[in-house]
Every structure is written in C-alpha cells, then in structure tokens.
Amino acid sequence: MSGRKWVYSFGAGAAEGDASMKNLLGGKGANLAEMSSLGLPVPPGFTLTTEVCTAYYENDRQYPGGLKDQADAAVAKVGKAVGMIFGDPKNPLLVSVRSGARASMPGMMDTVLNLGLNDETVKGLAALSGDERFAYDSYRRFIQMFCDVVLGVEHYVFEEILETYKEEHDYFLDTDLTADDWKKIIAGYKVAVTAALGAPFPQDPGEQLWGAIGAVFGSWRNDRADTYRRLHNIPESWGTAVNIQAMVFGNMGETSATGVAFTRDPSTGANEYYGEFLINAQGEDVVAGIRTPQTLTKRAREAMGETAPSMEEAMPQAFGELAKVFDRLEKHYRDMQDIEFTIQQGKLWMLQTRNGKRTAKAALKIAVDLCDDGLISKDEAVMRVDPHSLDQLLHPSLDPNAPRDLILTGLPASPGAASGEVVFNSDEAERLSQEGRKVILVRVETSPEDIHGMHAAKAIITARGGMTSHAAVVARGMGRPCVCGAGDLKIDASGEHFSVGGRKVNKGDVITVEGGEGKVFLGEVATLQPELSDDFAKLMSWADAARRMRVRANAETPNDAQVARDFGAEGIGLCRTEHMFFETDRIIAVREMILAEDKEGREAALAKLLPMQRSDFEEIFRVMRGLPVTVRLLDPPLHEFLPHSDEEIEEVAKSSGMDAQKLKDRAHKLHEFNPMLGHRGCRLGVSYPEIYEMQARAIIEAACAIAAETGEKVVPEIMIPLVAKREELAFLKSRIDAVAATVLTEKQTELDYLVGTMIELPRAALTADEIARDAAFFSFGTNDLTQTTFGLSRDDSASFLPDYMRQGIFDRDPFVTIDEQGVGALVEIAAERGRKTRPDLKLGICGEHGGDPDSIAFVERVGLDYVSCSPYRTPIARLAAAQSNLRDKIA
C-alpha cells in the first residue's frame, strides 16, 4: 500500500494529472490539472485521490501508509512554487482545502479557506500584504469556517457575535470594519470556541491541515451528501478527492475580487457570459448569498436594472483576460464551462472549471449551437442532454391572460411556474409533500441541509443570494422554479408568515412562483402547457436518426393519444380498457354485468357496453391511424367496479335503480384478501369469456370502421393480461379469433390483427418458449413483474423502501429503475426463449420502467423492439433510446 501514489501535484504550468483522470482525481482536481497544463493561471496545489477516500473508510477512518510523507512533500513543493513556507510566522503559505468528487455535487461537501493562519502567521500575512485589516479579516473567516466544518461549532455562533458587534458600533457591511474591529471579534470568537469545545482554537498549521482533510473525507458521508447522491444516483463507492491549493485572495482591497461565471447563460443557453462577482470578497461570499453580488457584463447589468457597476466596467483589464480564458476553455472542453476565479490585486487566477449545470432548455440550445458551430457532432449533441431533464420543458407556464396579484420580485434563478402552500422549513416541506400537498419553500437563504425540502417543494424562494447561490444552482439542477435575492421579503422569526411591502402572507397560504421572470404572485395563477422550441425539434430528429428502438406511449383516451403522437410516439404500447369502464355513462352497465346471475344477463349488459367500447377504440385508432395500438383486455378484479362503503352502495342503488342489498351481497362475495393475485386478468376471461369476446368485437369493428374511413391500415394488437400458462392464452386466443372471423365475415372485409400477452409473472417468463407458440408479441408488464418477482406490493412498500435505500440493500427503487439482476434476468430469459420458438416475436415493455432512461438502457442491451411510457415521457424515452444505442460508439 505504501508504494502507491496517493498525491498528484498541479500548477506553475505543469501537472501530474489531466482531465481524463476524473475517476481518480475527482472533477475539480482533474480540471485544475488540465488548466495548469494549458498554461492558465492556476494557483499551485495537489490532489489527494479518491482512492485515499476509499482506503480511509475501508480502514476505519485511518489514512493509508505513505500518504502523510507524500502530502508533506507536496505542501513543500507548493511553498517553493510561491516562495512561501507552510507554518512560517513571517512568510506563511496559506492553503484552501476543498472536496472534489468525480460527479459535480455543488455545495454538498465541505470547504476550508485561509488554512495555516494562527496568532503568529496572521502577523506575517499583515506584514507581507501591507494590509492589517485584510489579514485579520482572513483570520476571522478561517476561524469561522474551520470551526463550522472541522470542529462542529455551528456557524450561527460566530454570526451572532459579528452581528451584535456591528449593531453596537453602527456598522452595516462587513467591509466597514477595521483591523482593530476584527481583532476584537477574533478574541470573541476564541472565547466562544473554548466555551463550546473546552479547548482553545488549534494553532498548529499541520493539525489544521489534517483536520480539514479529515472533515472533507468525512463530509462524503454526511446527510446532505447522502441525499444528493441518492437523488442523482451517484454511488457512495466513488468517494471524493481532496484538493489543497495555495490561497489567492479576493479580499485584499478594491483591486481584488472573486466571482463565479458561466461561458453561456445556464438558464436559456444564450451565447452570452453569465455570472457574478464581488469586489473585496472571498469565493464563499458569492455562492453563500451573504452579500448580493454584481453582474459580470454591462449588458446583464442594464437588463437587470442594476446600478452597481459590472466587472466589465469596474475591472476592464481583468475582465478582458477572463473573456479570453472563457473562449479558450469552451473550445478546449467543447462545452459550456462553469468557472470560479479570483482577482488578487489586479491579477487573475483560475480556481475551477467544470461542465456547467444547466436547465433542459439551455442544454438543448447549447448542444444544438455547438453542433451548428462545428465543435461537436450530431451524435455528441444527442449525448449532451440528460433525458431526465426534458421533464423541465414539459412543465406549464403562466397563462398570460390569467389574473395575477404580484407581491414579490427577485432574481429569475430557475425557470418554470408552480403554485403551492407556503412553508418555511425543509422538514415541513418534505412532510406535507409526502401527504400529497403542493408546497413552496420560502427561506432567507438555502444551505445544503435544505436539499430534502427543495426536492419536496414545487418551487423555492429566497430573500438573499444571487443567480449562482446554492438555491439557484440546486433548483436549476432539479428543474424547480426558483426566485432568489428577493430583498423586500421579510420572514418573521416565528416561521409563521412573511411580509413584503406591508402585505402579510401566512404559512399555508397559496402562492405562485414564475421562476423565469423572478416573480411571485398571491394565490394560484392559471397555467399553459409549454411550446417546444426549434432546438428541441432539431435535437429530437437527430435522436430519432440515432436510435434503433421504437417508442410508444401508454394511452387510453383520445387526448392522451394525441399528446403522445404530438410528442413523437410511434404507436400505443398499452391501452388499458378498464379505465374506460369507469366513465359515468357506462359504469352502470358494468355493474349490471357484474350483478347478473347468469351468462344471458351478463351478455345483455355487455351488449350495452359494446357500442361504447367500439366508439372508444374508434377515437383512438383515428388519432393513431397508421400506427400500432396494443389494447389490453380487462385486467382488474370485478369488485373494483362496485361501491364498497354502505353510503356508496346506497347512493349507487338510488341513482341506478339497483337493489342495495344485492349490490352489498355481490361486493361481499367478490371481496378478495389478495386481489393483486386473485380473480383478475386472463382469469376473468376464462371464467367469463363473454367479457373478452365483447371487447374483441369492439376492437375489430372499430379497426374496420377507421380503416374504411381513413383508407389507412389499422393493425390492432390484442393483449391478454396475467397469463401464467400457455393453455390460458390458447383458450382465450381461440375465442378472440372466432369473434374476429365472425366480424370480418359480417363486414366482408379483411384485417390484420395480432394476439399476444403481457409477461408479468415469473412463470410466464420462464415458460416463454411455450407461450410464444400462441403469442404474436410479448409486452413486459414490469410493474407487476417487479411485484411478483420481489413479492413486494408497489402500493404498500413505499413506507419501508426508504429504509432499504438508506441501508444500501437497494441502490434504486426497483419500481422506478428495473432490477437487472432479478426482474431483468426474467426479461432476458423470456426474450431469448420466446424468440427461439418464434423468431419474429415482437417484444416491448410497457411498465413505468418504459419511461426511465436507466431502464431503457437495459432494454436496449436486451434487444427489445420498443418501450412504451406515459405520453409526456415520450421525448425522454426517445432521447434515452438514442443515447443507449450511441453509448458504445462514443465511449
């Protein structure tokens, strides 16, 4: 172990790593190395690899042998590069310690700046810089940050001391304080540390360094990082790297600054610099939202109506250098970059670059623009857009004609519109969301501890913070509308209401957020469905050209079918006929059929349903003309169509003229202890063949009618659910074929149709070679296949699945992403055995997994013909199918 290389250096125009080493060096370390090799001004430093993190946790939080010697040598190398010595009282090297996982996790893990300061080195820093105020400001920042991150003394302890001092001395801004003020505040800080810990603030720079390194590695498993990894499917096993870098200071007076920038607008994708900076500040001040930053460009300042000068106006030389770096980095990485920089006494330093997080709208535009500019290919453009993120484009916007009552304006941090009840803390947001209520999270500012509440909320509002604050970055990544920096917002300390301009809004009141405009309205404002851009159409056409697999939609109404077709669906993969039975005009006939004492009575009721079902299918076939439509015959148990409580039974009896006692007796007789495995699916068809015969007649008659009406071919696919044995399918298929033959004789016409089955039971998957003798297609119903494979109820398991996720028993919810080892293995077995019997067997998947990009990647590997998903997820599935097919080509 001791012979292994744990530490990689960078800076001074050279580096031991590069951008390709992200898995080992983390995203930040790999890109710092790459920028160093490009000759960009990067403060020298070194990276402790992700392998150190893995070893640290595997060895009960003990560091591997050889690490300390390598790290000490790297610190000395950094000191030599900048002409300083770590811990030297007269010429002290100060460093930053930051996390850097291979996947970007903004704000989720810990950072320490100004490390190496103590009661002696602060005097050396003051003498070297010639600015005593700057030195003591840096020292108090270090104490605050080190105590919060490493020693566990809460941030607010120091904030209270600082705010009390400012109030007592009539100061408004931190920059108003003098060096003597900071000395007094530092003395107060030290007293607070001793009181909290029973020990003084550590003065040994070496102890400080290893304390900070341990804190960063420790933060890999903190609650907020765990939550973020779970939401973004980042494995814990990846670990984080730690980057130690020579400090550069943005708080050395009016010629110094710090900022965060994007080479393009991350909200819209426009090819315009986007970002913020603060003069005489350190980087944490920008992202923490403690001070409201200024814009980078004059254009942005004018567009936002700001008066404080932009960086372009206040620091034109540094801005010009930064613009050149932007251009170089974007061309080098061939993507929009998110950059952190510091200007120390007029000199520009680059602290980080990474591919910038962006909204779906921006991702589309940037991918298409980069392709049009020749920087990337069409296939690469397709790979650049996260399929999950397309959900953002399908969210509603405010109806421009709807009445609205504007109560608050802030920065347009993340686009989209949403309404909900006001809540003021994240725990309550999560609790109410779990109860099915829509909530808007309102905070002074968010921190990484709020991640669960932000995920639960429909939108987020903060009083402080800019466009690159924690709230803004996280909201954009989640696709949540967000308004930041709403300075007029005053949140009552009790957490029961907020006020703005003399108006009071209570917890529980409904408000509406328009994130794209930075506006908040009282009450619920009507919304409109989005219109998709030309960029969307262009990228989706490239995706369609790149994919092998077809994409269908699950739809049972003409409206759903039209939405699906508009979103590019190539047919319907699941039309659930039971949903049609619940319509008001036909539920009475359904109940008559259930209450009938004999076949004759059932057929009389079914005769009433026939024209209604035929009309349903005609409408769907008309919308989907020329495309395949898979119709699943009745699946749920009959008792689902009957009223259950005494009140409901009386009400139904009264409105329908049925006998209440008869209804009650029949409902009781049909009651099942485990209806999911009871008298449903094909089992109903076996007991009551006349139900499936009526549905088959309605389907065939509707198909004939629409084929005659439109002149286009209609090929219905009739699907029999819950088949476990070939004999069930054979029995019902013969009935369907007989009905079809009768109808076609009556109509004196010809029609192609298919009869197949849903594979949703393990036995069906294992005997697929037998079942395929009678099935023209298989559609994998992975919702039920997951339930029957795991023995898990989808409806009841939600209460304990989170425990399984927390304990690492499940990496993913198996009802969201297919379980490849178990359920997936059954799909593979069924596909292989089914095609062995019938080589032209059509194979698809129609469970919720059909719209999940990770499950679609599995379906592509197995070689199924299509996926089917909800209409609004059709574009997501189209893009995911293309990426699954391309992945091997571009890897």
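Helices (H or I, at least four residues) and strands (E, at least two) are DSSP runs, numbered from the N terminus. This is a predicted model, in which local features need pLDDT of at least 70 and side-chain atom pairs count only at pLDDT 80 or more, while totals for chains, interfaces and linings use all residues. Residues are numbered from 1 along each chain as its sequence is written, and side-chain values use heavy atoms, with hydrogens and water left out. The protein chain holds 35 helices and 34 strands. Its radius of gyration (taken over C-alpha atoms) is 32 Å, close to the 29 Å that the globule rule (2.2 Å times the number of residues to the power 0.38) gives for 891 residues, so the chain is as compact as a globular protein of that length.

**The chain as a whole**

- Taken along the principal axes, the C-alpha atoms of the protein chain fill a box of roughly 100 × 65 × 50 Å.
- Of the 891 residues, 56% count as buried, where buried means under 20% relative accessible area, exposed over 50%, and partly exposed in between (1.4 Å probe, protein chains only).
- Among the contacts (heavy atoms within 4.5 Å) in the protein chain with a separation of 6 or more, 68% come from residues 24 or more positions apart.
- The protein chain exposes about 36600 Å², of which carbon and sulfur atoms supply 48%.

**The second largest pocket**

- On a 1 Å grid over the protein atoms alone, a pocket is an open set of points where a 1.4 Å probe fits, with protein on both sides within 12 Å along at least five of seven lines, and lining residues have an atom within 4 Å of a point.
- The second largest pocket has a volume of about 1100 Å³, a volume being the space filled by probe spheres set on the points, which are joined across faces, edges and corners.
- Its lining is made up of 47 residues, of which Ser267, Thr268, Pro412, Pro415 and Gly516 lie nearest the centre of the pocket.
- Helix H11 (298-304) is one of the elements that supply at least two residues of this lining, and H11 gives the most, with four residues.
- The lining residues divide into 20 nonpolar, 19 polar and eight charged, where Ala, Val, Leu, Ile, Met, Phe, Trp, Tyr, Cys and Pro count as nonpolar, Asp, Glu, Lys and Arg as charged, and the others, Gly among them, as polar.

**Helix H2**

- In helix H2 (residues 50-58), the residues Thr50, Val52, Cys53, Ala55, Tyr56 and Tyr57 are buried, and what covers them includes helix H1 (22-37), strand E3 (45-48) and helix H8 (205-219).
- Just after H2, Asp60 takes a positive phi of about 55°.

- Thr121 lies in helix H4 (residues 121-129) and counts as buried at 1% relative accessibility; leaving out residues up to four places away in sequence, Thr121 touches Gly87, Asp88, Pro89, Pro92 and Gly116.
- His497 belongs to strand E22 (residues 497-500) and counts as buried at 19% relative accessibility, and its contacts beyond four places in sequence include Phe424, Ile491 and Lys507.
- Arg763 sits in helix H29 (residues 762-766) and, at 42% relative accessibility, counts as partly exposed.
- Leaving aside neighbours within four places in sequence, Arg763 is in contact with Ala724 and Lys725; the C-alpha atoms of Arg763 and Lys725 are separated by 7.7 Å, although these residues are 38 apart along the chain.

Terms used. Areas by Shrake-Rupley, 256 points an atom, 1.4 Å probe, with all protein chains shown as cover.
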